[in-house]
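Please look through the structure shown here before reading on. The paragraphs below lead through a sheet and the helix that accompanies it.

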Amino acid sequence: MAQRQLDSARWWTLRRAQNRKPATYRCPLCGNYLPALSEHTLILPEGDPGRRRHAHTKCVLAARRAGRLPTRAEWLKTQPRPPGLVRRMIDRVRSAPTE
């Protein structure tokens with residue numbers, strides 16, 4: 001399977017799909033065609049339906065195992081968390097002007 005270039009995205013929405021029309025798509029992961037009326041996977045970069053791509057389920061699973069298509073939940077786990085209520089209260093007290 002030859003790796004192809006995908007749109008850059010921080011996270012991906014993935015869902016099963018099946019063509020209901022006789023259209024042929026090219027998998028963005030391997031570059032091969034998806035047969036018309038075949039079951040496959042839709043991948044949406046950052047949940048944007050306007051940038052959705054049709055891909056072989058097998059290719060999507062391989063990319064997921066390689067860590068190339070993180071879900072939003074997986075991406076959020078890597079992001080710094082904002083300070084909690086107690087930390088904000090302590091910071092507020094420390095930054096208050098003293099008389």
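Helices (H or I, at least four residues) and strands (E, at least two) are taken here as DSSP runs, numbered from the N terminus. The model is a predicted one, in which local features need pLDDT of at least 70 and side-chain atom pairs count only at pLDDT 80 or more, while totals for chains, interfaces and linings use all residues. Residues are numbered from 1 along each chain as its sequence is written, and side-chain values use heavy atoms, with hydrogens and water left out.

Three strands form an open sheet in the order β1-β4-β5, with antiparallel pairing, where two strands count as paired if DSSP finds at least two bridges between them. Because β1 and β5 stand at the edges, each with a single partner strand, one side of each is left without a neighbour in the sheet. Neighbouring strands are turned by 30° against each other on average, direction ignored; axes are lines fitted to C-alpha atoms, for helices over the stretch in contact, and angles run from 0 to 180 degrees between N-to-C directions.

The pairings can be followed strand by strand. Seven bridges join β1 to β4; Gln-18 has Glu-39 of β4 as its bridge partner, and Thr-13 is partnered by Leu-44 of β4. Three bridges join β4 to β5, and Thr-41 stands opposite Ala-55 in β5. Six of the seven residues of β4 are buried, so β4 is largely enclosed by the rest of the structure; buried means under 20% relative accessible area, exposed over 50%, and partly exposed in between (1.4 Å probe, protein chains only).

Helix α1 (residues 57-65) comes next, and in this helix Cys-59, Val-60 and Ala-63 are buried. Seen down the axis of α1, these buried residues fall within an arc of 100°, so they line one face of the helix, the arc being that of the directions from the helix axis to the C-beta atoms. The face turned away from the buried side of α1 carries the exposed residues Lys-58 and Arg-65.

What covers the buried residues of α1 includes β1 (12-18), β4 (39-45) and β5 (53-55), with contact meaning heavy atoms within 4.5 Å. Finally, α1 is followed by Gly-67, whose phi is positive, near 80°.
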